[in-house]
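Please open the model in your viewer and keep the selection tool at hand.

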Amino acid sequence: MKDSAIQLILQAGYVVKVVMLILLFFSIVSWAIIFFKQRYFSRANKETEQFLRAYRSSRDAKGLYQATKSLMISPIANLFKAVYSDEIRKEKRDTKRLLKRYGALESAKLEKYLNFLATTGSTTPFIGLFGTVWGIMNSFRNIGSAGAASLAVVAPGIAEALIATAAGLAAAIPAVIAYNYYLSMARRMIIEMEDFSEELLDFFTGDSA
């Protein structure tokens, strides 16, 4: 089955081959992003747990900064470190502005590359469909040249054309699933970070109990 699919691609026309190369590019990049984001969110969760344990056990800002300096992925830890680094006798209003600014940067990191997954999910089926339509047009042209419409003349061209649609769907389906999954994870972490920002504001301005 695998060999026959490859054979169909090799026998396809120039345009269909270009379409398949484009779809292959989208598919490879999408899977690379899927694996990358899986590792990223997994590490972010672990680092956030580690940071919160240190935060709950120590209210000393300098000690907490040194203890969590190695945490590079956690959005909450990064938010704390960024504000701590800029926190030099600033007023509550300035601290609040820093939290908002660095929170937006961390949110952008969490959602980074997800747009590519969304683009893959929404465009590759149409790219594949374009290859199919083009292949079918060539099939009908061949029918006209052969002067016959038998199954033996039509079937190979149709099969070559339909494989483009199959490839488009194969690239789109995992991208859509991964996009929805990782977007929900990113939004959950952003909500957690926004909630923690209020706590950090009290922590840095000395309003905590």
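In which helix is the place of Thr120? Select Thr120 and you will find this residue in helix α6, where helices (H or I, at least four residues) are DSSP runs, numbered from the N terminus. Before going further, note that this is a predicted model, in which local features need pLDDT of at least 70, side-chain atom pairs count only at pLDDT 80 or more, and totals for chains, interfaces and linings use all residues. Residues are numbered from 1 along each chain as its sequence is written, while side-chain values use heavy atoms, with hydrogens and water left out.

Thr120 is buried, with a relative accessible area of 0%; buried means under 20% relative accessible area, exposed over 50%, and partly exposed in between, with a 1.4 Å probe and protein chains only. Now display the surroundings of Thr120: leaving aside residues up to four places away in sequence, Thr120 touches Phe26, Ser30, Pro125, Ala171, Ala172 and Ala175, a contact being heavy atoms within 4.5 Å.

Stay in helix α6, which covers residues 114–146, and select Met137. Met137 is partly exposed, at a relative accessible area of 41%, and together with Phe126, Leu129, Phe130, Val133 and Trp134 makes a nonpolar surface patch of about 590 Å². Such patches are made of residues with over 30% relative accessible area and no salt bridge, with like charges joined within 9 Å and nonpolar side chains (Val, Leu, Ile, Met, Phe, Trp, Tyr) within 5 Å. Accessible areas come from the Shrake-Rupley method with a 1.4 Å probe, and for residues only the protein chains shown count as cover.

Next, turn to the salt bridges, of which the structure holds 5; each is a side-chain nitrogen of Lys or Arg within 4 Å of a carboxyl oxygen of Asp or Glu. Select Arg43 and Glu47, whose closest N and O atoms are 3.1 Å apart. Because they are 4 residues apart in helix α2 (residues 14–57), about one helical turn separates Arg43 and Glu47. Arg43 is partly exposed at 43%, whereas Glu47 is buried at 6%.

Then select Arg56 and Glu199, which meet in a salt bridge with an N to O distance of 2.5 Å. This pair links distant parts of the chain, Arg56 lying in helix α2 and Glu199 in helix α7 (residues 151–205), 143 residues apart.

Finish in helix α7 with Glu192 and Arg188, 4 residues apart and separated by about one helical turn. Their salt bridge has its closest N and O atoms 3.0 Å apart; Glu192 is partly exposed at 34%, and Arg188 is partly exposed at 35%.

Notes: Helices (H or I, at least four residues) and strands (E, at least two) are DSSP runs, numbered from the N terminus.
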